[in-house]
Amino acid sequence: MLRRIAGLLRPHLARLLLAVSASVATELAALALMGTAAWLLARAAEQPPLAALSLAIVGVRAFATGRGVFRYAERLASHDAALRALATLRGKVYDSLVPLAPSGLPAYRSADLLSRMVNDVEAVQDVVVRVLVPVSTAIVVAGVAVGVCAVLLPSAAVALAAGLALAGLVVPLLMVATARRTARRLAPARAELAAHHTDLLQGSADLAVFGATATALDSAERASARLARLERRTALTTALGGAAAMLIQGVTTVAVTVLALDARSSGGLAGVMVPVVALVALISFEPVLPLVPAVQRLLESRASLRRVLAVLDTPAPVAEPGAAALPAPSAPVTVEARGLSVRYPGATVDAVDGVDLTLTPGRRVAVVGASGSGKSTLLACLMRFIEPSAGTVLLGGRPVQEYDGDDVRAVVTGVTQDAHLFHTSIRENLRLARPDATDDELLAALETARLRDWVESLPAGLDTLVGESGGQVSGGQRQRLALARALLADPPIVLLDEPTEGLDPRTADELMTDLLASTRGRTTVVVTHRLAGLDAVDEIVVMEAGRVVQRGTHADLVAADGPYQDLWWASRPVSSPS
Amino acid sequence: MVDVPASRRRRIGGVLLNRLARRLLAGLPAFRVVTVVFTVLAVAAAAAILVQAELLARLLADGVLSGPSVSSAAGLLGLLAGVFAVRAGLSWAQQALAQRSAASVKAALRRQVLRRTQELGPGWLSGQHTGGLTTTLGRGLDALDPWFTGYFPQLFLAAVIPVAVLVRIAVADLASALIILVTLPLIPIFGALVGMSTKRATERQWRALERLGGHFLDVVAGLPTLRAFGRAKAQAEQVRRIADEHRSATMGTLRIAFLSSLVLELVATLSVALVAVPIGLRTLNGGLGLEAALLVLLLAPEAYLPLRVLGSQFHASTEGLAVAERCFAVVDASGGPRPVGGSAAPDAAAGVRFEDVTVRYPGRDEAALDGVSLALAPGERVALVGPSGAGKSTLVNVLLGLVPPTSGRVLAGGVDLATSDLEAWRRQLAWVPQRPHLFARTVAENIRLGRPDATDDEVVRAATLAHADEFVRRLPQGYETPLGERGAGLSAGQRQRIALARAFLRDAPLLLLDEPTAGLDAGSEAVVVEATARLMAGRTVLVVAHRPAMVLDAGRVVTLEHGRIAGPALSAGVR
């Protein structure tokens with residue numbers, strides 16, 4: 001995995017080197033500042049002429065200034081490299097996601113997972129700024145310090161190298177092992193606590209009504225106390241890492257001082273060099289001490305990066321024909337599903353099981369059924385988002401597999417499930433479907449979706465920002481915008497997946513009526529669980545557990561015993577005539 | 001929870017602990033002890049720093065001037081090693097104590113938040129993102145660790161060490177002490193000045209950054225839509241361009257934001273140079289001994305270090321404070337049920353009457369229930385039907401005491417529920433919700449929810465009546481089988497039958513059923529309907545129904561539409 005991360009970072013090698021160089025320069029300036037200052041004092045004590053000190057004085061001032069400036073350069077350079085790596089990774093992840101959305105990746109079934117994935121991508125930033133640069137710096141600075149000591153006093157260099165290796169390598173690795181063991185011990189307590197939280201937050205009504213809230217709170221608090229007790233106990237060991245590194249720093253400094261004093265008395269080292277060697281040893285630990293948190297950070301980021309790499313490796317659910325693709329089909333065109341079955345990877349039953357459907361030009365079909373009955377999967381198959389596991393979809397008589405996926409979706413498209421409004425203007429959101437549309441065409445589509453008056457009443461009109469933080473767009477307006485967009489695309493076959501999802505009943509019925517009116521004469525498939533207005537479609541297909549259990553016109557189905565009649569009955573006021 | 005006197009908290013915190021942090025610390029059971037120990041540790045750390053510098057300066061000065069043998073310096077060397085060991089020990093004690101405090105505060109915070117969520121109740125929780133709240137209370141709170149292990153103990157170090165170091169330097173060399181005394185305050189002053197002068201610029205830029213940073217999530221989330229319109233590939237270029245814009249905009253912000261660290265770093269290192277060069281010159285003149293000069297050189301950086309570290313720890317710990325803020329937002333959330341004060345004893349067996357009950361949810365135009373009047377005679381079975389969103393569940397929730405009427409009242413045995421003892425009222429209810437929550441406990445414990453003292457025989461009997469016994473016995477550990485998170489592993493029909501067993505065991509005079517067969521396949525539905533019919537016998541029943549099977553057993557059918565009772569109440573069977 002490290003190799004692949006290195007591969008991702010390779011294009012930014014030059015900038016990373018710049019960042020590491022600046023960081024090394026910062027630490028070396030600190031080292032040189034103390035070393036030179038110590039030499040300055042020691043030499044001054046020998047009462048030489050002032051000229052003998054002038055270079056050291058200049059050095060002290062230069063290193064002092066240099067440290068601040070280098071630090072600034074390092075922070076800018078490392079963030080620049082990290083952000084460039086982030087930009088590259090975002091591009092790569094986007095490219096990998098294109099063939100996966102929405103059916104090839106579990107993340108597309110949950111907004112939480114999706115935003116976690118986007119956050120995971122940002123972990124690459126942390127790896128650069130908080131792991132890569134500090135670790136490289138520590139290695140180089142440690143090497144330089146040992147080198148300086150080797151020139152002045154080889155025995156001290158050996159002691160220093162041993163100390164640095166212990167504090168910079170052995171201690172972090174031990175701490176990582178400890179952290180893993182701690183995590184394993186804490187994991188069951190955390191899981192138990194999370195289960196209590198879920199029970200209290202999602203089962204609060206059941207608890208309240210059955211008078212069990214107090215008991216449940218007590219046992220959640222006991223679980224919380226158990227976790228806190230474990231955490232307090234493990235604190236004694238996890239706090240050891242930093243202390244151990246400090247102790248090694250001290251012992252090494254004392255050892256180097258002993259060696260320096262010894263060499264001084266035996267004449268192997270000039271007196272003025274004693275404080276230089278000792279202080280270089282002491283200060284050279286400064287970039288090494290933060291390695292414990294750096295390694296922990298790497299472990300945390302590794303999980304994120306692993307998930308990102310998994311996304312990059314996920315195979316596309318649909319194979320494209322490439323150069324062998326048939327030319328795009330031209331309207332009018334018939335779409336047929338024959339014995340269509342879909343089974344998701346890892347599932348034991350088919351999500352869609354042997355469905356037949358024929359859409360001749362102008363025909364309008366409604367697919368109804370409970371959630372999870374396979375309606376959306378059927379549409380995903382027609383839009384060539386997923387590959388059927390059995391049966392075929394024919395487009396103008398040819399299997400869809402022979403067309404380019406984008407060409408299929410130019411013919412069969414519309415309002416997908418959770419149609420997304422982008423955080424941009426209404427105009428840009430609509431023009432997504434037809435980039436060359438004029439404002440008049442946009443307004444005409446809005447008119448059909450019965451949104452024109454609303455848009456024209458907005459101060460910014462078509463330039464009004466919508467989307468996640470656009471605010472002030474109700475659920476109904478959102479769905480109508482999605483509908484206007486689908487109408488603007490004007491595909492030969494319009495798909496409408498749960499266009500009234502999440503709307504209150506009155507709005508939903510109004511929208512459904514408008515929808516069916518605006519698609520009159522177009523080939524249309526509408527997926528819904530509301531039955532209002534379905535007497536206007538040519539055929540209703542009732543699905544249960546992936547299978548078609550009933551089909552026919554509204555009048556036929558209402559008259560016959562079966563799930564449609566149940567649904568119809570349940571969704572109608574009893575007193576009104578059916 | 002120990003309440004910390006406000007005066008004491010302010011004294012410790014001052015400006016460095018904002019209101020939020022002070023509130024956080026109030027969750028620490030042994031707040032006084034912890035602050036005393038941290039103070040003692042900081043004083044000890046300062047003493048160790050002074051002794052270490054003293055010993056090192058003497059050893060190194062001797063090494064330069066006389067070159068003592070290692071054996072003659074052995075005493076000093078041993079002491080120096082001892083001081084290093086003491087410093088390591090102090091650092092360990094401080095970190096261990098900080099982590100232990102963090103664990104205690106997190107537990108206290110969790111307790112506060114959980115208690116408050118239950119007070120606020122299911123109505124409030126249904127409007128929340130409970131998954132996010134679970135994460136916040138679990139992993140999310142760990143973000144507080146850096147605040148406790150980094151910033152908080154550093155406060156004590158930053159208060160003690162610079163003063164101690166400055167006093168010691170003043171004793172050794174007054175001139176150097178003066179230089180440090182003048183430059184030391186520059187760190188907070190420059191920090192504040194640079195911060196203030198760049199604040200507006202950075203704030204404006206952060207807002208722009210947020211927008212650019214959000215773009216990637218926006219595009220990724222909208223990718224299915226982009227593909228539906230054949231725009232996915234065309235957007236790839238845009239993604240790269242915006243990511244690059246994000247980078248250059250961020251760098252623009254950072255160039256300013258890092259200025260403060262440049263200034264602080266410069267103040268600290270230049271001050272060391274400002275101290276080192278004059279003492280070098282005075283050592284040359286013989287005005288200052290080498291040992292004193294080395295002592296000043298070794299101590300000078302120690303005066304600046306704690307303040308600089310404090311600044312960086314503060315930034316590293318802001319995420320934790322944001323999590324704490326989210327927790328306190330729950331604790332401070334307004335709403336929740338009416339205050340429990342009523343003591344009147346309602347009697348469910350005497351029938352229930354809704355009198356002109358209206359419920360409005362905040363932020364919605366339409367009333368969920370609009371002047372509903374309805375009576376349930378003792379022993380009567382009423383089916384409630386109507387399109388989804390018509391107010392059926394709200395009506396049941398009012399009866400359960402989960403949602404208070406905005407106006408109007410509900411009487412049980414002539415007692416207004418609003419003035420009655422809610423717990424006593426609920427003891428007379430059994431409820432089978434549409435999607436019952438199964439708890440992460442054993443099957444038996446789940447059935448016992450409403451009667452924890454029921455015997456095993458009673459549990460089995462209730463399960464048998466609910467047609468649950470037959471599948472429970474086939475589970476790996478029977479009634480002792482633990483149910484996974486949210487009862488995973490059971491089908492919807494089986495979950496419904498566990499809920500029915502709960503209601504059987506509860507054996508209450510008033511039974512509320514909310515679409516107990518919704519989402520079940522035909523086979524499960526028949527079993528659940530059969531068990532439900534048995535459960536209804538001899539009780540007053542209000543059943544929210546979708547399917548004809550549930551309604552046929554009812555004595556009366558009431559239709560709700562847009563929060564109102566529509567048309568005349570019809571008897572079952574009429575369509």
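Colleague: Why is helix α13 (residues 392-400) of chain B called largely enclosed by the rest of the structure?

Modeller: Because nine of the nine residues of α13(B) are buried. A residue gets that label if 20 or more other C-beta atoms (placed from the backbone) lie within 10 Å of its own; with 12 or fewer it's exposed, and in between it's partly exposed. The buried set includes Lys392(B), Asn397(B) and Leu400(B). Just after the helix, Gly401(B) takes a positive phi of about 75 degrees. One caution: this is a predicted model, where local features need pLDDT of at least 70 and side-chain atom pairs count only at pLDDT 80 or more, while totals for chains, interfaces and linings use all residues. Residues are numbered from 1 along each chain as its sequence is written, and chains are lettered from A and ligands numbered from 1 in the order in which they are written.

Colleague: What makes Pro476(B) count as buried or exposed?

Modeller: Its neighbour count. Pro476(B) has 8 C-beta neighbours inside 10 Å, so it counts as exposed. You'll find Pro476(B) in the loop between α17 (469-472) and α18 (492-506) of chain B. Thr517(B) is 41 residues from Pro476(B) along the chain, and their C-alpha atoms are separated by 26 Å. Over chain B as a whole, buried residues make up 47% of the 575 residues.

Colleague: How do you know how many helices and strands chain B has?

Modeller: They're DSSP runs, numbered from the N terminus: a helix is H or I over at least four residues, a strand is E over at least two. On that basis chain B has 20 helices and 10 strands.

Colleague: What makes β3 (residues 364-368) and β8 (residues 523-528) of chain A a pair?

Modeller: Two strands pair if DSSP finds at least two bridges between them. β3(A) and β8(A) have five bridges, in the parallel sense, so they qualify. For instance, Ala366(A) has Val526(A) in β8(A) as its bridge partner. Both strands sit in an open, mixed sheet of six, in the order β6-β7-β8-β3-β9-β10 of chain A.

Colleague: Why are β6 (412-415) and β10 (547-552) of chain A called edge strands?

Modeller: Each of them pairs on one side only.

Colleague: How do you know which strands of the sheet helix α16 (residues 475-489) of chain A touches?

Modeller: Two residues are in contact if their C-beta atoms, placed from the backbone, lie within 7 Å. Helix α16(A) packs on the sheet, touching β6 and β7 (493-497) of chain A, and its direction makes about 155 degrees with that of β6(A). Such angles run from 0 to 180 degrees between N-to-C directions, using lines fitted to C-alpha atoms, for helices over the stretch in contact.

Colleague: What does each chain bring to the contact between A and B?

Modeller: Chain B gives 123 residues and chain A gives 119. The chain B side has 66 nonpolar, 33 polar and 24 charged residues. Ala, Val, Leu, Ile, Met, Phe, Trp, Tyr, Cys and Pro count as nonpolar, Asp, Glu, Lys and Arg as charged, and the others, Gly among them, as polar.

Colleague: Where do the domain bounds of chain A fall?

Modeller: Domain 1 is 2-313 and domain 2 is 328-571; such bounds come from an automatic or database domain assignment. Taken over C-alpha atoms, the centres of these two domains of chain A are 52 Å apart. In chain B, the centres of domain 1 and domain 2 are separated by 25 Å.
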